[in-house]
Number of protein chains: 2
Amino acid sequence: MTQASICTIGDEILIGQIVDTNSSHISQSLNTLGIRVTRMLSIGDEHDVIVDSLTGELEKNDIVIVTGGLGPTKDDITKDALARLSGTSKFKTDERQLEIIHRILSARGLDVLDINIAQASVPDTCDVIPNRLGTAPVMVFRFPEERFGHKATLYSLPGVPFEALGALPDILEDIRKHNSISDIHHQTIMTFGIAESALAKLIEGWEDSLPADMHLAYLPNQLTGVRLRLSIYGGIKEEEEARIKAEFDKLGPVLGDYLYSDHDDTLQECVGRLLAGSGKTLSAAESCTGGLISSLMTSIPGSSEYYLGSVTSYANSVKTNVLGVDEDIIARHGAVSSECVAAMAEGVRRLTGSDYSVATSGIAGPGGGSAEKPVGLVWIGVSSAKGTETFSMIFKGDRKRNIERFAANALNKLRVILVNEVTH
Amino acid sequence: MTQASICTIGDEILIGQIVDTNSSHISQSLNTLGIRVTRMLSIGDEHDVIVDSLTGELEKNDIVIVTGGLGPTKDDITKDALARLSGTSKFKTDERQLEIIHRILSARGLDVLDINIAQASVPDTCDVIPNRLGTAPVMVFRFPEERFGHKATLYSLPGVPFEALGALPDILEDIRKHNSISDIHHQTIMTFGIAESALAKLIEGWEDSLPADMHLAYLPNQLTGVRLRLSIYGGIKEEEEARIKAEFDKLGPVLGDYLYSDHDDTLQECVGRLLAGSGKTLSAAESCTGGLISSLMTSIPGSSEYYLGSVTSYANSVKTNVLGVDEDIIARHGAVSSECVAAMAEGVRRLTGSDYSVATSGIAGPGGGSAEKPVGLVWIGVSSAKGTETFSMIFKGDRKRNIERFAANALNKLRVILVNEVTH
């Protein structure tokens, strides 16, 4: 199987000033092509470190993709290091990139300086893939088998994400042309409402019976639940995907309501699809979640089709004056109660005229808890023409985590009710 | 200078399913402590790869911080690899972590399974720092000089960002106790509303005149603006901090309204302080930002003191029926207009009785734009007893980025008005 390593060059990543997102995108593309990424590495702008690290990566991998370390003020270090690594000290000018440099700078109304022209200069040992989106070209170094014990190729891309990702299709094309690649096949399914360990216990028998060539991964996430991914390397696409699907199909009855999607997904997208598919609308009344449910729902393009809006009733006066919650309810049961959250859900549904509504009231912390109503307690209400249901849950986390869990669990309760009402 | 490497373990990063944000946070913390991060590495869940890679990192660094590869399910083999690396095959149970496991699971109403109990089991060669936020403990392996030619320490943290970052203070404390680290002194100030390159141009003269021992870093962030950090290594704390403060004080008149804080801060915290300090209250009416402003304001503990609530008026019917925006305004000027956002701001202030309100209406994209009102256009309104002001801005980004910029700029407009009204 073809193996690759992805290496970023730049002090700005090492000091934590920017998060490296290029590697993740490049990795996804390589995986789709059936290439296994064995390592990702970030190193600083130092000649010797670059030469030593890339030598190490080339010894262990067929393909090394380098991003960063190229730019008008700093590309000398990376380019010199790549020249040394490839055994040359001679440079050549790539006329195609030089033309692009002139075009880009003149479009921006900038003069073409010597440091700009120097960007078209590359070690004479490399092939060039012109970078149409920026001034630094992509360099391709092809090392013969004698050098590292196997044929190896190094691609050097600019670090600017827009340019790196823009150059990626050309690089994938070049990789496909020069390597015989076996495919990878995988599928992800989404669960919510069950902890990773309990899920593992629940599907233990299924997992133990998986064919030896299938690899299972658990990928937990606060807002979307635990993802399960099955992968197979090699084989014929349709056949292997059908085999994976057949294994996941067996899990359906075991997972029941915990399962919410047979592909990479979020709770808000799932809720959005259920609403859009049935022509129903939604509103929200948020206390402890403070707008997060609304923010998640509206993060989806096109959500205005089914999402009408929300009231964040942080103060009790907003609960009573805007949502119409009876003052007596708050006085008798408190704002964090089944009665209050039901009245909030009904209130916002009446106010906006939506078919469904979801409401939250809880104690996110750090302060504000009591023995009876501790920090981490949330009441969730879901209302529709069929009635109003409420649920309570307790979580243990800091304020941010509690708020996220409250919101995710509210969306999940809504999802389960929607599945039953709109699809049955 | 003490050198460190940060290593993440997990196939989910290598296949690009999740982006590694832990390394960036850890790197920032280590830098603050005066430790130089030389490499970041991501590797897969494979025993031999883990042992070989970590050996390589320990040979070249004083400190190696590992995240991920710990969890109750079967794809985690990090512990066995760490046992082998540290020359043991024996495990011990950490009673403190076991107690935490019981406490966390029972708080969630979950049974304590064998795989949960197994998480408190660690190689008998390590020290344990209990993880109060999750079930997997932090393991500390201290290697004597003989092993790698220098004293080396490996810290193994869980991969869940909440837990990894939660454990970080304890780890930094341990690092400080066991290493002689030269002090680093620094201060951060916050700017908003000016791009990094324009800021660099504006303060060029000041930057050029900085003493040679002071290092300036630009740290741009979408939601909080560009942070500026000045650092000095060594010296006496009080003296060096006073020198840094004196330099930053010179910047005040240059930066004007761009400057919003003389310490690490967020716009919502700054707005919250201004409100709390003056006894004023706030509400929000959000269209395109969909609840994000409300979510940011309520992320602050104690925000119920000054934040009353919001209306997310995603549908025009909610703008008219709940916020009382005149239908004529929308018919004549459209929902994305100065007139509509002013009416929204005034409507929510009337509805909640707040002293101040902020409102947004814009086009986040990807669809919905026109030549006259393109994707990326936002109208922002701020209302108080002194009147209502509106502002329009245009940004160029994807939906998520646009929504974040709309919200941050709305908070910033509110901040500038609050500074003038409540402090003058």
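Mentor: Let's start with pairing: two strands pair if DSSP finds at least two bridges between them. Strands (E, at least two residues) and helices (H or I, at least four) are DSSP runs numbered from the N terminus. Bear in mind that this is a predicted model, where local features need pLDDT of at least 70 and side-chain atom pairs count only at pLDDT 80 or more, while totals for chains, interfaces and linings use all residues. Residues are numbered from 1 along each chain as its sequence is written, and chains are lettered from A and ligands numbered from 1 in the order in which they are written.

Trainee: How do you know that S10(B) and strand S11 of chain B pair?

Mentor: Seven bridges join S10(B) to S11 (residues 225-233), in the antiparallel sense, and at least two is what pairing asks for. Leu216(B), for one, sits opposite Leu230(B) in S11(B).

Trainee: What makes S10 and S12 of chain B edge strands?

Mentor: The order in this open, antiparallel sheet of four strands is S10-S11-S9-S12. S10 (215-221) and S12 (259-261) each have a single partner strand, so one side of each has no neighbour in the sheet.

Trainee: What packs on that sheet?

Mentor: Helix H11 (residues 237-255) of chain B does, touching S9 (184-191), S11 and S12. Touching means contact, with C-beta atoms, placed from the backbone, within 7 Å.

Trainee: Why are H2(A) and H8(A) called roughly parallel?

Mentor: Their axes come within 10 Å and cross at roughly 20 degrees. Angles under 35 degrees count as roughly parallel (over 145 roughly antiparallel, 65 to 115 roughly perpendicular, the rest oblique), which makes H2(A) roughly parallel to H8(A). The axes are lines fitted to C-alpha atoms, for helices over the stretch in contact, with angles from 0 to 180 degrees between N-to-C directions.

Trainee: Which residues of H2(A) and H8(A) make the contact?

Mentor: Among them are His25(A) and Ile26(A) of H2(A), and Leu165(A) and Leu168(A) of H8(A). By class, there are six nonpolar, three polar and no charged residues. Nonpolar covers Ala, Val, Leu, Ile, Met, Phe, Trp, Tyr, Cys and Pro; charged is Asp, Glu, Lys and Arg; the others, Gly among them, are polar.

Trainee: How many residues of chain A are in contact with chain B?

Mentor: 60 residues of chain A, against 64 of chain B. The chain A side divides into 26 nonpolar, 27 polar and seven charged.

Trainee: How do you know that strand S14 of chain A pairs with strand S14 of chain B?

Mentor: Five bridges join these antiparallel strands, both residues 307-313, and pairing needs at least two. There, Gly309(A) faces Ser313(B) in S14(B).

Technical notes
Contact = placed C-beta atoms within 7 Å.
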